[in-house]
Amino acid sequence: MHRNNLHNEDYDFPKLCAEYPQLNQFVFTNKYDKQTINFAYPQAVKALNTALLKTHYNIKYWLFSDENLCPPIPSRVDYIHYLNDLLIESKIENSTILDIGTGATCIYPLLGNSVYGWSFIATDIDKNTINNAQKIIDHNKLNKQISLRHQHKKVNILYNVIEKNDVFAASMCNPPFYSSEENAIEANNRKLKGLGIDSTSRNFSGNSNELWYEGGEKAFLHNYIYQSSKFKENCHWFTSLVSKKDNLKSLKKSLEKLNVTDIKIIPMQQGNKITRILAWTFK
C-alpha cells in the first residue's frame, strides 16, 4: 500500500468497535490469536468499512443498499494517495476532481475531501444511485465540497457531464470489470471456490452499472480515452484503475494515436491483489 495509507498495519478492532459498536457482532479471534472478521460475509465487510470511515475519515453517515458494491476503504484510499502524488509532481494547485461513476457510496469524493480537502464533481448513470449518494453528502454536510451530475446515457462517459467552463485537476474512475452478468457470476464463483466456499448462486454485491459494461473493462476504457480527447482543456490528468494488465498494450496504443503528451502507469498492490492506475494528459 501507499506509504501514507493509514491501513498498512493490522486493524485496531477495539478502537473500531468503540466507534462503531455494530461491528462487534462480526469480530472473532482466529487460530493465530488475532482479531478478525469473516471477509466472505458481506455484512461483516460492510460493517468494517463503515467503522473505518467513521473512525479515520469523520464520515458519520454511510448507508446504502446491500445490492450495491461495498468498496474496501484501504484500496480506495490508496488511489487517492497515488493521485495526490501525481498532482504534486505536476505542480497542480487546482484541487477539483471529477469522479466518474461515483456509485451509491460516493466513496472517492468522501475520502478525497477528508484526506486532502479536494472538491468533487461526481457522476453516475443510475438515478437511484445518485439519490443515495446525495443523502450521504447531505448527512455529512458536504454539499459545498461535493456535487453530483446524472449521466443519462451509458455510452457517454464524459459527454454531457463536463460543462464548457469546468476545469479539473484530474478525473478518476473505477471502471466496470465484466462484460455481462454471466461473466461476473463466473468470476465470483471461481473466487469463492479458491476460498473453499461453496456457492451455487450469486452472492456478491453490485448492480449492473457497477459491475459490467458491454465489452467489459477494455471497451469502457477505450471509450473513455476517446472521449477524453474532446475535453483536453477541461482536465489536466485523466486517470482510471485498470484491473487487467493485458489491456494496457492496446490502451497505450490508442493514447499514442490521440497524441497525448504523457502516459503514466502507477502500480498499486493491496495484499495479494495487484492493480494499476493509468494516467494520461494532453497538457
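A contact means heavy atoms within 4.5 Å; among contacts in this protein between residues at least 6 apart in sequence, 68% join residues at least 24 apart. The model on your screen is predicted, with local features needing pLDDT of at least 70 and side-chain atom pairs counting only at pLDDT 80 or more, while totals for chains, interfaces and linings use all residues. Residues are numbered from 1 along each chain as its sequence is written, and side-chain values use heavy atoms, with hydrogens and water left out.

**The whole chain**

Start with a cartoon view, in which the protein has nine helices and nine strands; helices (H or I, at least four residues) and strands (E, at least two) are DSSP runs, numbered from the N terminus. Of the 283 residues, 50% count as buried, where buried means under 20% relative accessible area, exposed over 50%, and partly exposed in between, with a 1.4 Å probe and protein chains only.

**Helix H4**

Next, select residues 107-116, which form helix H4, a mostly covered element in which seven of the ten residues are buried. Those buried residues are Ile107, Tyr108, Pro109, Leu110, Leu111, Gly112 and Asn113. Step just past the end of H4 to find glycine 117, which takes a positive phi of about 70°.

Side chains of opposite charge can pair when their charged atoms come close. The structure holds eight salt bridges, each being a side-chain nitrogen of Lys or Arg within 4 Å of a carboxyl oxygen of Asp or Glu.

Select arginine 149 together with glutamate 163, whose salt bridge has its closest N and O atoms 3.6 Å apart. This pair links distant parts of the chain, since arginine 149 sits in strand S5 (residues 146-150) and glutamate 163 in the loop between S5 and strand S6 (168-173), 14 residues apart. Arginine 149 is buried at a relative accessible area of 16%, whereas glutamate 163 is partly exposed at 47%.

Aspartate 166 counts as buried, because its relative accessibility is 12%.

**A network of charges**

Move on to lysine 264 and aspartate 262, a salt bridge whose closest N and O atoms are 3.6 Å apart. Salt bridges with shared partners join Glu89, Asp262 and Lys264 into one network.

The structure holds zero disulfides, a disulfide being a pair of cysteine sulfur atoms within 2.5 Å.

**The second largest pocket**

Finish at the second largest pocket, with a volume of about 150 Å³. Of its eleven lining residues, the closest to the centre are Ser65, Asn68, Asp126, Asn128 and Thr129. A pocket here is an open set of points on a 1 Å grid over the protein atoms alone, where a 1.4 Å probe fits, with protein on both sides within 12 Å along at least five of seven lines, and lining residues have an atom within 4 Å of a point. Grid points are joined across faces, edges and corners, and the volume is the space filled by probe spheres set on the points.
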